[in-house]
Amino acid sequence: MPVKQCALCASQDLALIIDLGLHPLADTFMKSKAGAGSLPRYPLTVLRCLSCGHAMNGYRVPPEQRYQETEYSYDSANSDVAVAHFFEFARDVGRFAKLGPQDLVVDIGGNIGTLLRAFRDQFRAGTLNVEPSHNIAMISVENGIETAERFWDHEIAMRVAKEGGAKIITATNLLNHIDNLDIFFDDIMNALEPEGVFVAEVPYLLTLIERDAFDTMYLEHVSYFSVQPLRHFLAARDLRIMDVQIDEYMGGSIRFVIGRGVEGAEVAKLSKHEQTFGLGEEQIYERFRARVRRFRENLLDELHTAKATGGLIMGIGAATKGNTLLNYCGIDDTILDCVTDVSPLKIGKYTPGSAIAIKGDEVISDQVTHALVLPWNIADFLTRKLSRQHPHLSFIVPHMVE
């Protein structure tokens with residue numbers, strides 16, 4: 001469905017940030033090559049609101065199609081980097097909210113329960129995972145986390161409220177997937193205790209533009225957040241950003257702690273920084289589009305040069321962001337022999353659109369000359385790990401290609 005108005009302020013005054021062409025759903029890893037290659041494709045465009053500055057996809061696919069029609073393949077404990085991040089997230093947020101054993105933490109789209117386990121282990125708090133993907137919800141239950149297999153909506157919010165409310169509600173890489181933010185926040189605030197906080201961690205628009213991270217854009221991501229537009233949206237609901245932090249997770253994320261308290265000191269500073277950076281200026285996006293086009297040319301040149309000299313290239317890490325990169329650049333199994341991963345939820349499947357087989361890391365042999373690192377945000381971790389095992393490998397890391 002084409003987007004006609006801003007997700008935050010409802011203005012119809014929208015401008016193009018970038019057009020990446022037609023893409024399948026990036027999280028739809030398929031069990032057959034034919035299925036992966038024949039997935040429906042939709043326009044992947046990103047727009048910005050000229051009234052408030054919010055950024056959003058120009059086309060929306062229904063959430064049931066995004067998360068329930070095919071088996072979901074993301075595992076929040078898929079790397080040591082992710083597990084460490086969620087441990088630190090729980091520690092910092094739990095301390096901020098003065099979380100205790102009598103309190104409840106709700107994680108919306110909590111996946112297999114990695115974050116909730118960190119809250120439980122550190123603070124002995126009660127936990128509830130609201131997870132709509134059946135196969136993922138089942139793993140969460142196996143991990144000992146109370147799990148409601150459903151989308152977050154008014155009914156589950158009222159259930160939480162009737163049970164006394166939550167001290168903390170979290171949404172990691174989730175708020176950017178929400179279609180109707182007005183209804184979503186109404187339900188959040190109904191489910192929170194009066195002193196409770198909602199904590200959302202999402203990719204940060206400024207960092208995304210600064211690093212040319214176009215592959216953070218995919219159809220599942222409805223919105224791309226920055227401080228100033230969200231600040232205005234919340235103020236109209238008598239809510240404040242009580243704390244805000246920038247971190248390196250997922251290649252550049254921002255964490256908002258939202259509640260009825262006092263606005264944090266860093267909020268105004270970050271808002272000013274966004275203005276100085278030029279998030280509201282067309283020139284920033286003109287340059288971004290040009291750099292992304294140049295990136296594609298440079299990456300394809302490097303890959304074709306490697307192939308022409310007898311190289312055997314594999315992709316490393318079947319990351320969702322990698323599917324935007326593969327499909328935008330037109331990379332398929334004529335260039336990459338396969339993509340390797342460690343997650344049993346992905347091994348044996350095929351990448352959406354590009355239809356490249358996903359295999360275990362054990363297939364990396366001495367014959368493999370080059371490795372294209374698709375989850376470039378954890379490139380340091382992956383290259384260190386694989387260099388010890390395969391010192392002959394030449395790594396190609398996106399967003400470091402000259």
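## Cysteines

A disulfide is a pair of cysteine sulfur atoms within 2.5 Å. This predicted model holds 0 disulfides. The sulfur of Cys9 lies 3.5 Å from that of Cys49, the closest cysteine sulfur, and this is too far for a bond. Cys9 is partly exposed, at 35% relative accessibility. Cys338 is also in no disulfide, and its nearest cysteine sulfur, in Cys329, is 18 Å away. Cys338 is buried, at 0% relative accessibility. Buried means under 20% relative accessible area, exposed over 50%, and partly exposed in between (1.4 Å probe, protein chains only).

## Parallel sheet

An open sheet has 5 strands in the order β14-β13-β12-β15-β16, with parallel pairing. Its edge strands, β14 (358-360) and β16 (394-396), each pair on one side only. Neighbouring strands are turned by 35° against each other on average, direction ignored. Strands are DSSP runs (E, at least two residues), and two of them pair if DSSP finds at least two bridges between them.

Strand β13 (residues 339-341) pairs with β14 over 3 bridges, in the parallel sense. Val339 has Ile358 of β14 as its bridge partner.

## Helix pair

The axes of α9 (residues 227-235) and α10 (residues 265-277) come within 8 Å and cross at roughly 130°. Contact (heavy atoms within 4.5 Å) involves residues including Pro229 and Arg231 of α9 and Leu270 and Glu274 of α10.

## Basis

Residues are numbered from 1 along each chain as its sequence is written. Local features need pLDDT of at least 70, side-chain atom pairs count only at pLDDT 80 or more, totals for chains, interfaces and linings use all residues, and side-chain values use heavy atoms, leaving out hydrogens and water.

Technical notes:
Helices (H or I, at least four residues) and strands (E, at least two) are DSSP runs, numbered from the N terminus. Axes are lines fitted to C-alpha atoms, for helices over the stretch in contact, and angles run from 0 to 180 degrees between N-to-C directions.
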